[in-house]
Amino acid sequence: MKKIEAIIKPFKLDEVREALSEVGITGLTVTEVKGFGRQKGHTELYRGAEYVVDFLPKIKIEIVVAGPQVDPAIDAIVKAARTGKIGDGKIFVTSVEQVVRIRTGETNEAAI
């Protein structure tokens with residue numbers, strides 16, 4: 001089992017959710033986060049004063065999938081989230097040792 005974490009632009013969330021649904025991913029966790037990479041923030045003007053926005057709003061999506069679903073899930077996220085501009089985001093894949101569904105006690109792949 002693998003955990004896929006994707007950091008994407010907020011306005012791409014619905015497209016990514018639909019793309020994951022099309023490849024059979026039924027559950028995901030979404031968190032509003034802030035950060036920056038190569039984008040390094042930007043300056044904005046508010047009431048005549050210029051200020052620097054260091055951390056940009058992003059969305060973090062987390063899903064846990066069985067081995068065969070990893071590549072289709074990554075491909076779906078990349079296709080749906082890509083704008084071709086800086087700040088499109090990143091995807092991180094890590095191993096998951098154990099999963100337990102609290103309600104039923106199911107473990108591992110049965111709990112996904």
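**Helix 2 and what lies around it**

Author: This is a predicted model. Start with the buried residues of helix 2: Val70, Ala73, Ala76, Ile77, Ala80 and Ala81.

Reader: How do you know that the buried residues of helix 2 line one face?

Author: Look down the axis of helix 2. Its buried residues fall within an arc of 135°, so they line one face of the helix. An α-helix has 3.6 residues a turn, so residues three or four places apart point the same way.

Reader: Which exposed residues does the face turned away from the buried side of helix 2 carry?

Author: That face carries Asp71 and Lys79. To be called exposed, a residue needs over 50% relative accessible area.

Reader: What covers the buried residues of helix 2?

Author: The cover includes strand 1 (2-8), helix 1 (13-22), strand 5 (56-65) and strand 6 (89-95).

Reader: How does the reach of helix 2 compare with the expected value?

Author: Helix 2 covers residues 70-81, twelve residues. From its first C-alpha to its last it reaches 16 Å. At 1.5 Å a residue, 16 Å is expected, and the reach is close to that.

Reader: What makes strand 1 and strand 5 a pair?

Author: Pairing takes at least two bridges, and seven join strand 1 to strand 5, so they count as a pair. They run antiparallel. Lys3 stands opposite Val64 in strand 5.

Reader: How many bridges join strand 1 to strand 6?

Author: Seven, and these strands run antiparallel. Here Ala6 stands opposite Ile91 in strand 6.

Reader: Which residues have the most contacts inside the largest nonpolar core?

Author: They are Ile4, Ile8, Val16, Leu20 and Ile63, in a core of 17 residues. Strand 1, helix 1, strand 5 and helix 2 each supply at least two residues of this core. Its largest share, six residues, comes from helix 2.

Reader: What is Leu20 in contact with, leaving aside its neighbours within four places in sequence?

Author: Leu20 is in contact with Ile25, Leu28, Ile63, Ala73, Ala76 and Ile77.

Reader: Why is Lys9 called buried?

Author: The cut-off is under 20% relative accessible area. Lys9 has 12%, so it is buried. Lys9 is found in the loop between strand 1 and helix 1. Leaving aside neighbours within four places in sequence, Lys9 is in contact with Lys58, Thr83, Lys85, Ile86, Gly87 and Asp88.

Methods
Residues numbered from 1 in each chain as written. Predicted model: local features only at pLDDT ≥ 70, side-chain atom pairs only at ≥ 80, totals over all residues. Heavy atoms only, no water. Helix = DSSP H or I, 4+ residues; strand = E, 2+ residues; numbered from the N terminus. Expected span 1.5 Å × (residues − 1). Buried < 20%, exposed > 50% of the residue type's maximum accessible area, 1.4 Å probe, protein only. Arc of directions from axis to C-beta. Contact = heavy atoms within 4.5 Å. Core = buried A, V, L, I, M, F, W, Y, C linked by side-chain atoms within 4.5 Å.
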